Amino acid sequence: MDCENKKCLEKALPPLPPPVPLPFLTNHGLKMCKKGCFRNSVNSSWDRLFDEAYGADVSILTDGGAVIYAHAAILGNACPVLKAMLNKLKSRRRRSISIRGVPPGAVRAFIRFLYSSWYEEEEMNEFALPLLVLSHAYSVGELKRVCECWLETKLMNTENVMDIFQVSMLCDAPRLSFFCHRFVVSSFKAVSATDGWNDMKKSHPVLEKEIRASLTEDDAKQKERTRKEKERKVYVELYEAMEALVHICKDGCRTIGPHDKVFKDDHAPCEYTACKGLEALIRHFAGCKMRGPGGCIHCKRMWQLLELHSWLCADSDACKVPLCR
């Protein structure tokens, strides 16, 4: 019996609150604070192992003759491409691989990231583009996402956007390519005056044609948007004028209205925005004596408004607008 009461009591109690959320992590697994990312003790240990190269069994050759020492087990665990390269050299006691074509500092920052998933802000500012190439070539998706974000938000400008654009296309980074394309289209005049644009025209003429075609398409879309906005503005003005016309002929407004309307000195402000202009047009229409060729342009406008109302009015028999039948 006591067990049954206990179960009923447990069912009646509210559920337990969810656990406290874990600290926010970036795409590259680092804790974030207001000043940026920082290393914890584990990251520092791996970083120290990389700097001291204790027990290193791999030599990485870079441009300029620089050599970086690393550990095969760590490289193979963090990067599948390097793992395949090292497996081919398994028979050798001291294995050696070459990473060339990028600055030695970029290679060092790349290998450091494989150890601790951490990077120096100064290194990223200087080597973000070559690091993007390395992360794509060696299939390190975590670093690739960091490089893309860094280039999108911090480093892209008129001078380097074409270089970033071409590299992003080669490195299969569609989001970064989209950002570059949008930047070029929005700042085409400034971008087309840079050395990067001139170099791109020589090395990648197809890309230039695509950008110019997109500019033409963008201009056409902008003109179409402008035309539709103007049409919408005209429709809104006509709608307001029609509403004001019915309001004046039916209820009267301020100093103008039906013949049996009694006007008051303390009338409330009119809620129809087109009433003031339409009142002046009706007064002109009633007293205009122009009989020249072509007639009066203001009277033509009034005739057009009356004709449009007669076409659209749903209750012509009860309508008080002139010429509505």
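Visitor: Which residues of H6 and H7 meet in this predicted model, and what makes their meeting a contact?

Guide: On the H6 side they are Glu-121, Met-124, Asn-125, Ala-128, Leu-129, Leu-131, Leu-132, Ser-135 and His-136, and on the H7 side Leu-143, Lys-144, Val-146, Cys-147, Glu-148, Trp-150, Leu-151 and Leu-155. The term contact applies because heavy atoms lie within 4.5 Å. By class, this contact of H6 with H7 comprises 11 nonpolar, three polar and three charged residues.

Visitor: Why is H6 called oblique to H7?

Guide: The axes of H6 and H7 (residues 141–155) cross at roughly 130 degrees and come within 9 Å. Angles over 145 degrees count as roughly antiparallel and 65 to 115 as roughly perpendicular, and the rest, once those under 35 are set aside as roughly parallel, as oblique. The value falls in that remainder, therefore H6 is oblique to H7. The crossing in which H6 passes H7 is left-handed.

Visitor: What makes H6 roughly parallel to H8?

Guide: Helix H6 (residues 121–137) and helix H8 (residues 161–170) pack at an angle of about 5 degrees, their axes being 10 Å apart. Angles under 35 degrees count as roughly parallel, so H6 is roughly parallel to H8. Leu-129, Leu-132, Val-133 and His-136 of H6 make the contact with Asp-163, Ile-164, Val-167 and Leu-170 of H8. Six nonpolar residues, one polar and one charged form this contact of H6 with H8.

Visitor: How do you know that H12 is roughly perpendicular to H14?

Guide: The packing angle of H12 and H14 is about 85 degrees, with the axes 11 Å apart. The range for roughly perpendicular is 65 to 115 degrees, which means that H12 and H14 receive that description. H12 contributes Leu-238, Ala-241, Met-242, Leu-245 and Val-246 to the contact, and H14 contributes Met-302, Leu-305, Leu-306, Leu-308, His-309 and Leu-312. These residues divide into 10 nonpolar, one polar and no charged.

Visitor: Which helices supply the lining of the second largest pocket with at least two residues each?

Guide: They are H12 (205–250), H13 (275–287) and H14 (297–312). The largest share, five residues, comes from H12. The lining has 13 residues, of which Glu-237, Leu-238, Ala-241, Arg-301 and Leu-305 lie nearest the centre of the pocket. The volume of this second largest pocket is about 290 Å³.

Definitions and conventions:
Residues numbered from 1 in each chain as written. Predicted model: local features only at pLDDT ≥ 70, side-chain atom pairs only at ≥ 80, totals over all residues. Heavy atoms only, no water. 1 Å grid on protein atoms, 1.4 Å probe; cavity = no way out; pocket = protein on both sides within 12 Å on 5 of 7 lines; lining within 4 Å. Points joined across faces, edges and corners; volume = space filled by probe spheres on them. Helix = DSSP H or I, 4+ residues; strand = E, 2+ residues; numbered from the N terminus. Axes fitted to C-alpha atoms, helices over the stretch in contact; angles between N-to-C directions. Nonpolar A, V, L, I, M, F, W, Y, C, P; charged D, E, K, R; others polar. Left-handed = near helix turned anticlockwise from the far one by under 90°.
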